[in-house]
Amino acid sequence: MSAIAPASLRLVPRRTTVEGGTTSNIFSVDVEEWFQVGAFENTLGRDQWHSLESRVEQQTEFVLELLAQAQVLGTFFCLGWVAERFPKLISMIATAGHEVGCHGMDHRRIFTMSPAEFFDDVTRAKSLLEEAGGKPVRGYRAPSFSMTAECWEFYEKLEEAGFSYSSSIVPAKTDHYGAVGLPRTPFFPLKNCSVIEIPMTVATFGQTAFPASGGGYFRLLPMFLSTWLMNRARRQTGIGTVFYMHPWETDPDQPFISNAPLRSRLRHYTGLAAMSGKVKNLLASSTFGRVDTVVAQSFEWDADQ
């Protein structure tokens, strides 16, 4: 992140008192097909997607039922690709009271795009999601958390497209993504841009940061360790967890891609059978809410501004 001076980034001011109850953690879902993940991007070409079994409807409906049973509302960052093919699914998410956010059009990493291509990508996806869900879409999450210093100007494009916030940064380094040294609480990426960045949760150990936001780490690690990491991050930052998952992570019956690299197979398939139980336990142990609701309760910020 050499092009960005983390110390110069302005944090979003915190509220002196938290309004609207005790909700302090965020529950988010990245809605995409099982075959659109980074683990398979070098094994399954985009030209093969049309021939692969679609499971995103049943997987997402299962997650919706988990949340309904726990009486939890969350934010679903959905691909425009999904909205284009399954608009009723987006409507179902919105009708249930969840926030519909944008995950881009077809899970292309944003640092592979020009500014114009990025703007076209998010505006097209946003339009499809709003048409299907019937409500404005204010939130954005980059596929594979691919916001980098090289495309930092894209925050201006998000503002131009009508977004209020992004949740596209993991302030830790992994083999798949990450941006070490950036703030761990909501901040303004650009001085003259109203879009805020809501970073994913990480816990620090000295100079090392470790993801504690859910996703594959939550699925692969023992429950007690994930909970410990989330609690450590909360003590360090004074804010709740920004948790995320994918619908396919609760589906052990999805197709098995035997010709994918071993590391990719381990990353994708390990822990699928246990994931739904772990999510149920998490929802029962803590209070969660939508991105827009939780951030507005805790920070001097309005999603509609």
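Glu 117 sits partly exposed in this predicted model, with a relative accessible area of 36%. Its side chain meets that of Arg 108 in a salt bridge, at 3.6 Å from N to O. Arg 108 is partly exposed too, at 32% relative accessibility.

Lys 126 and Glu 130 both belong to helix 4, which covers residues 115-133, and they sit four residues apart, about one turn of the helix. Their closest N and O atoms are 2.7 Å apart, and the two form a salt bridge. Lys 126 counts as buried because its relative accessible area is 9%, under the 20% cut-off. Glu 130, at 25%, is partly exposed.

Then there's Arg 138, which pairs with Asp 304 in a salt bridge, with 3.8 Å between the closest N and O atoms. This one links distant parts of the chain: Arg 138 is in the loop between helix 4 and strand 5 (139-140), while Asp 304 is in the segment after helix 10 (291-298), 166 residues away. Arg 138 is partly exposed at 26%. Asp 304 is exposed because its relative accessible area is 58%, over the 50% cut-off.

| Salt bridge | Closest N to O distance |
|---|---|
| Lys 126 and Glu 130 | 2.7 Å |
| Arg 138 and Asp 304 | 3.8 Å |

Salt bridges also join up into a network here, linking Glu 53, Arg 55 and Asp 251. Across the whole structure, the search turns up 14 salt bridges.

Terms used: Residues are numbered from 1 along each chain as its sequence is written. This is a predicted model: local features need pLDDT of at least 70, side-chain atom pairs count only at pLDDT 80 or more; totals for chains, interfaces and linings use all residues. Side-chain values use heavy atoms; hydrogens and water are left out. A salt bridge is a side-chain nitrogen of Lys or Arg within 4 Å of a carboxyl oxygen of Asp or Glu. Buried means under 20% relative accessible area, exposed over 50%, partly exposed in between (1.4 Å probe, protein chains only). Helices (H or I, at least four residues) and strands (E, at least two) are DSSP runs, numbered from the N terminus.
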